[in-house]
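Please open the structure in a viewer and keep the selection tool at hand. The stops below say what to select and what is there.

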Amino acid sequence: MTTFGFAIDHRACIGCHACTVACKMENDVPLGVFRTWVKYIEKGEFPTSRRYFSVLRCNHCTDAPCISICPTNALYKRENGIVDFDSGSCIGCKSCMQACPYDALYIEPETHTAAKCNFCAHRIEVGLEPACVIVCPTHAIVAGDLDDPASEIARMIATQETQVRAPEKGTGPNVFYLGADEAALDPTLTSQPDDYMWSETGLLDGQLQPRLNEADSRAKTTYDVEHPILWGWKVSAYLWTKSVAGGALLIAIAALFAGHTDRWLLRGFAPVLAGAMTAVTGFLLVWDLKRPERFLYIIFRSNFSSWLVRGAYVLAIHAAISGTWFLSYMFDADGVIDVLRWPGIPVAAMVAAYTAFLFGQAKGRDLWLSPMLAVVLVAQAAAAGAAALGIVAVARDADDGLQRF
C-alpha cells in the first residue's frame, strides 16, 4: 500500500514563498488563487515579538470530505493516496470548498471549476518530487510514501513530534507539521487585522471576520490569502423556496388526513404551489453553479455519496408527485391523490431536511454541523407551508375550521 503525504518543518521554514511560486509556475495557477501558500502570524509585543510561518495546502486526507460531497466525482483519490481532481467533470457547485476544513480549494478564474494541490501528480508518475519540495532552500518540505518505513518522511514522523491541522474533523490529514506553533495551524487562535503587511485583507463587503482590537491578546495574522464566502443569497433563497415547496405538500396532506375537504385548496392549489417552488429551487441551484451548462452531470455522473445528488433526486421525485397530484385533481381522480399522500409525506419532509445532511458533509463549516438541523428544517417547512396556504385560505374565505388548522 502507498500513501503519499507531506512533512513540513516549521523550524526550518524561512517564509520565502519559493514553494508558492514554484507551484504556480509548475501548474499554471492564475494570479489571485493558490494551491500552496505561506501564512504569517505574529505573537507578542515589540521588542519581544516573533513571527511564525506556516505552509498551507490540501492535506490529501485519508477520509477526504471533498470527495464525499462532490456530486459528479470530479474529486477522487488515486491509488497512491493523492486526492486529485478532474476539471472536465466539475460543475462549479463549490460544495467541496465548504467541505474542506483547510480552505485548500478554489475556483479557477479561467475555467470556473474547482482546483487545488494535487501533489504534482504528473511529476510523481514519472518518479519526480513535487515542485515545492525541490525548490525549498532549507529542505523544510519533505514528500514521500508514509507507508514505507524506509522513506525520509516516514522516519521523520516516527521519530519526531508532529501535528496536523483540524484533527477533530476526523479526515485523517496526510500533511504533518514539525515544530509548529499552535496558533499558526489553528485560525481560531489568531485575530484578523484590517490589513496585512503588504496589502489589504481583500475581504468581501459584509463578510464576517474576527477583528483585532486593542484588548485582544491573541496572535494576529499578518499575511494570508483570501478565502471568500462562496455560497451567498442564492443558497439562502433556495432554503426558503424549498421550505415552501415541501411544507405546502406536508400541510395539505395533514389537512386531508384531518378530514378537511376544501378540494380546490388542498387538492388543486397546494400541488401547484409545491411544484412551482420546487422549480424555483432547481433554478436557483443551477444559477449558483459556476458551470451551469453542466448541471445534468449531477444525473449522468452521479456520486451517490453526495447529498447534493441525493437532494436533486428528492426534488425530482417531489416535482413528479406534485405534478401527478395536480393532474389527478384536474381529471377528478381523487383516489390517486389519496394514494399519493403516503409517499408524499416522507418525500416532502426530505425536501426540507436533506440540506441538513448536505451541511453535515460540509466539515469546513462548524456552525452548520448541528444534529438537530434536519428537525429544524422540517419544522420551518411546515411553518412556511402553513403560512402560504393560510394566506390563500383567508383570501378565499375558506371554512373557519381549515383556517384555524
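**The whole chain**

The protein has an accessible surface of about 19100 Å², and carbon and sulfur atoms make up 60% of that. The model is a predicted one. Start with everything selected: along the principal axes, the C-alpha atoms fill a box of roughly 80 × 50 × 35 Å. There are 405 residues, of which 52% count as buried. Switch to a cartoon view, where the secondary structure amounts to 14 helices and 11 strands. Among contacts with a separation of 6 or more, 69% are made by residues 24 or more positions apart. Colour by charge next: the 33 positive and 41 negative charges have mean positions 2 Å apart.

**The start of the chain**

Select T3, in the segment before β1 (4-9). T3 is buried, with a relative accessible area of 12%.

**Cysteines**

Now show the cysteine sulfur atoms. How many disulfides are there? The count is 0. A disulfide needs two cysteine sulfur atoms within 2.5 Å. For C19, the closest cysteine sulfur is that of C16, and at 6.4 Å the two are too far apart for a bond. C66 is in no disulfide either, since the nearest cysteine sulfur, in C58, is 6.2 Å away. C19 is buried, at a relative accessible area of 7%, and C66 is buried too, at 8%.

Go to the loop between β2 (36-43) and β3 (50-57), where P47 is found. The peptide bond from F46 to P47 is cis, with omega near 10°.

Next, select K94 in the loop between β5 (83-85) and α3. K94 is not a glycine, yet its phi is positive, about 70°. Is K94 buried or exposed? It is buried, with a relative accessible area of 4%.

Then move to H112, in the loop between β6 (106-107) and β7 (114-115). H112 also has a positive phi, about 60°, although it is not a glycine. Its relative accessibility is 37%, so H112 counts as partly exposed.

**Helix α11**

Select residues 307-330, which form helix α11. The helix has 24 residues and spans 34 Å from its first C-alpha to its last, close to the 34 Å expected at 1.5 Å a residue. Show the side chains of its buried residues, which include W307, L308, V314, H318, W325 and Y329. Which helices do the buried residues of α11 pack against? They pack against α3 (95-99), α8 (233-257), α9 (263-287), α10 (297-300) and α12 (334-361).

**L308, the last stop**

Stay in helix α11 and centre on L308. At 16% relative accessibility it counts as buried, because the cut-off for buried is under 20%. Not counting residues up to four places away in sequence, L308 touches P71, C93, S95 and L358. Finally, draw a C-alpha to C-alpha distance from L308 to F359: the two are 51 residues apart in sequence and 9.9 Å apart in space.

Definitions and conventions
Residues numbered from 1 in each chain as written. Heavy atoms only, no water. Buried < 20%, exposed > 50% of the residue type's maximum accessible area, 1.4 Å probe, protein only. Helix = DSSP H or I, 4+ residues; strand = E, 2+ residues; numbered from the N terminus. Contact = heavy atoms within 4.5 Å. Areas by Shrake-Rupley, 256 points an atom, 1.4 Å probe, with all protein chains shown as cover. Lys, Arg positive; Asp, Glu negative; His and termini not counted. Charge placed at Lys NZ, Arg CZ, Asp CG, Glu CD. Expected span 1.5 Å × (residues − 1).
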